[in-house]
Amino acid sequence: AVKVVAANSGGLIVESNGLQGFLPASQLANEHYPEGGDGDRSKMTSALEKLVGLDLNVKIININPRSNKLIFSERDVQTQNIKELLDAYKEGDVVSGIVSGIANFGVFIKFADKPEIEGLIHISELSHNVVDNPKEVVAMGDLLNVKIVEIKEGRVNLSLKALQPDPWGGAKDKFKDGQEIKGVVYKLNPFGAFIKLEHDLMGLIHVSEFGSVEELKKQLEPGSTYSFVVDSVRPEEKRIVLKAKKAGGEAPKTESANGEKSL
């Protein structure tokens, strides 16, 4: 163990048995790495100064011959400890975990029985359908059952959708080519729009149905309900392709009494 005696924007000055060393900020354990300090030297320094006086478990990762200074890592110790804890688990196991962090690329989960272990559910593993924002699926503090899909170098990748029934299995029984259906606009993209349909399925209407992105934005409003026509059902691709249902030829969209809009 070493004691933190000083800090700067790059990391911590530490001492052990009369020897001084340096612990780079990049080598701190997750629990000690300053949040929101990246890119702002003053904020980073201020946050690291709060660690002065702490005793940290570290390992030597390098010796700088020019200054005869030791370079330490706290993260490597944490990684080794986690690797040992992970020996009790294997890929395919189902575990309970608590949502400990939400990012645009996925969700962090701390194991309920071993909080020292934190795994990641990538956004693509949250649902069988497209997810634009992980916060649509989970919230901080949620207790979830998740499946371990990979354990590698102390990192754990998890899946939520692996424990959910796949709605695409019976898609061809639920929707037929040429069928008129209703759906809620979920998200607009340069290539078209994703449409929420019944049975927890998602459809896609291509921008070519509207002639341009600008026209698509004029005719489809996120959160609004419209009528569409099924062009094709492709469960193997997890895709239902839709076409626009024209109301009275090329008439502009209108909102009916029940809140549904037609194109």
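Strands β15 and β16 form a hairpin with four residues between them, and Lys238 in its turn has a positive phi of about 55°. Strands here are DSSP E runs of at least two residues, helices are H or I runs of at least four, and both are numbered from the N terminus. The model is predicted, so local features need pLDDT of at least 70 and side-chain atom pairs count only at pLDDT 80 or more, while totals for chains, interfaces and linings use all residues. Residues are numbered from 1 along each chain as its sequence is written, and side-chain values use heavy atoms, with hydrogens and water left out.

Val233 has Ile240 in β16 as its bridge partner. Strand β16 (residues 239–244) also pairs with β14 (residues 202–206), in the parallel sense and over three bridges. There, Leu204 is bridged to Val241.

Ile240 also belongs to the largest nonpolar core. A nonpolar core is a set of buried Ala, Val, Leu, Ile, Met, Phe, Trp, Tyr and Cys residues joined through side-chain atoms within 4.5 Å. Buried means under 20% relative accessible area, exposed means over 50%, and partly exposed lies in between (1.4 Å probe, protein chains only). This core has 21 residues, and those touching the most other members are Phe175, Ile195, Ile205, Leu220, Phe228, Ile240 and Leu242. β15 gives the most to this core, with four residues. Leaving aside residues up to four places away in sequence, the contacts of Ile240 include Trp168, Phe175, Leu201 and Val230, where contact means heavy atoms within 4.5 Å. A second, separate core of 20 residues includes Val107, Val146, Leu158 and Leu160.

Elsewhere, an open sheet of six strands runs in the order β4-β1-β2-β3-β6-β5, with mixed pairing. Its edge strands are β4 (55–56) and β5 (59–64), each pairing on one side only. Five bridges join β5 to the antiparallel strand β6 (residues 69–73), and Asn62 is bridged to Ile71 in β6.

The model has four aromatic pairs. Rings of Phe, Tyr and Trp (its six-membered ring) pair if their centres lie within 6.5 Å; planes under 30 degrees apart are stacked, over 60 edge-to-face, and the rest tilted. Tyr89 and Phe111 are edge-to-face, at 5.1 Å centre to centre with 80° between the planes. Tyr89 is buried at 12% relative accessible area, as is Phe111 at 1%.

Methods. Two strands pair if DSSP finds at least two bridges between them.
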